[in-house]
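Dear colleague,

I am passing on a structure that you have not worked with before, and I would be grateful if you could look through it alongside the notes that follow.

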Amino acid sequence: MRWENLTEGPGGPAALFGADAVVTRTVDTPEFRGITFHEVRARSIVNRVPGASRMPFEWTVNPYRGCSHACVYCFARKTHSYLDLDTGIGFDSQIVVKTNAPELLRRELGSPRWSGAHIAMGTNVDCYQRAEGRYRLMPGIIEALRDHANPFSILTKGTLILRDLPLLREAAGVTEVGISVSVGFTDPRLWRTVEPGTPSPAARLAAVRALTDAGIECGVLMAPVIPFLGDSPEQLRATVRAVAESGATSVTPLVLHLRPGAREWFTAWLGAHHPHLVPRYERMYAGGSYAPTWYQRRITRQVHELAAEFGIGPARRGAARRIVTPERPDAPAPAGATQLSLL
């Protein structure tokens with residue numbers, strides 16, 4: 001691995017962290033077997049989302065790079081190429097941990113330059129992946145946001161979020177807090193092959209129930225809806241019914257998109273597990289990273305009709321995460337990197 005491309009160069013941007021600040025560890029326990037952690041001290045933690053993004057927020061915090069959830073379709077895989085790591089196994093097993101994220105966030109939130117804008121988490125890699133059980137960065141991050149009454153949202157596939165339920169309730173008492181759990185399907189066979197490092201869909205929906213029972217509104221991002229594998233009328237019905245039964249406040253479908261980095265890894269997986277579908281995917285995604293508009297609209301319509309049938313409304317723009325418009329949208333960005341957009 002080369003870290004030099006993240007250090008400051010002549011006329012270049014400020015480094016994300018210095019090469020001399022990296023400590024590499026392996027942990028020989030069953031839950032972390034095969035995973036290497038690269039502990040770094042980041043120089044900034046609040047990142048601006050690129051202006052071309054479709055996301056309804058502008059700022060993110062990502063305490064980790066890489067993700068042991070190992071979702072074969074993960075759009076964030078390309079970010080590992082910035083570290084000269086591969087976007088396949090390397091993304092799943094080489095995890096960068098920003099060990100100073102809580103203290104750094106507290107400092108940046110206290111800066112006169114900070115506008116108090118909404119901060120989204122879990123939109124690049126999951127902040128409640130397995131590494132969080134070891135490093136416990138999120139409690140300090142939530143405490144900083146709570147103490148500054150800064151609105152925030154979390155998107156996760158990790159049931160570990162329940163550990164921080166007391167802190168989330170405290171934060172919700174002083175600011176806007178939005179939680180969304182990602183559940184694209186409930187088919188256990190599909191889950192085991194495309195999301196091998198995640199809690200099961202049933203466990204995630206149980207977490208939704210626990211959050212809502214505790215008074216924390218929680219929406220479900222039904223993502224991704226995977227063409228030809230998770231999009232049959234029966235599969236969509238089963239998923240929306242399960243989401244409704246979990247007590248989720250909303251359900252928002254999102255069709256699989258395949259960007260460079262993720263596209264190659266997913267295509268290799270598809271060829272190994274469902275080779276007969278490769279030509280169909282080549283046709284469907286011939287126009288780029290996104291499925292055709294007609295297909296996306298069809299899925300959205302079907303999910304919204306099912307949601308109405310089961311008594312759960314589709315999310316309004318921003319509603320699932322209760323996003324607050326920044327008071328100073330033209331505030332200068334903190335030093336640091338921008339993030340790939342989720343959509």
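**Aromatic pairs**

A search of the whole structure, which is a predicted model, finds 8 aromatic pairs; rings of Phe, Tyr and Trp (its six-membered ring) pair if their centres lie within 6.5 Å, and planes under 30 degrees apart count as stacked, over 60 as edge-to-face and the rest as tilted. One of these pairs joins F37 and Y135, whose ring centres are 5.3 Å apart and whose planes stand at 70 degrees, so the pair is edge-to-face. Because F37 lies in strand β2 (residues 36-40) and Y135 in helix α3 (residues 131-135), this pair ties together parts that are 98 residues apart in sequence; helices (H or I, at least four residues) and strands (E, at least two) are DSSP runs, numbered from the N terminus. F37 is buried at a relative accessible area of 1%, and Y135 also counts as buried, at 14%, where buried means under 20% relative accessible area, exposed over 50% and partly exposed in between (1.4 Å probe, protein chains only).

F228 and Y281 form an aromatic pair as well, edge-to-face, with 5.6 Å from centre to centre and 85 degrees between the planes. F228 lies in the loop between β10 (218-225) and α8 (233-245), while Y281 belongs to helix α10 (residues 278-284), so here the pair ties together parts that are 53 residues apart in sequence. F228 is partly exposed, with a relative accessible area of 26%, whereas Y281 is buried at 5%. Ring pairs link F228, F266, W269, Y281 and Y285 into a cluster.

In helix α2 (residues 101-109), the buried residues are A101, P102, L104, L105, E108 and L109. Seen down the axis of α2, they fall within an arc of 165 degrees (taken from the directions from the helix axis to the C-beta atoms), so they line one face of the helix. These buried residues pack against β3 (46-48), β4 (59-61), β6 (94-98), β7 (119-121) and α4 (138-147).

T175, in the loop between α5 (165-172) and β9 (177-182), is buried at 10%. Leaving aside neighbours within four places in sequence, T175 is in contact (heavy atoms within 4.5 Å) with A149, N150, P151 and F152, and its side chain reaches the backbone oxygen of A149 at 3.2 Å.

**The chain as a whole**

The chain has 11 helices and 11 strands, and buried residues make up 55% of its 343 residues.

**How to read the values**

Residues are numbered from 1 along each chain as its sequence is written, and side-chain values use heavy atoms, with hydrogens and water left out. As the model is predicted, local features need pLDDT of at least 70 and side-chain atom pairs count only at pLDDT 80 or more, while totals for chains, interfaces and linings use all residues.

With kind regards

How values were computed: A polar contact is a pair of N or O atoms within 3.5 Å; within protein, one must be able to donate a hydrogen and the other to accept it, and residues adjacent in sequence count only if both atoms are side-chain atoms.
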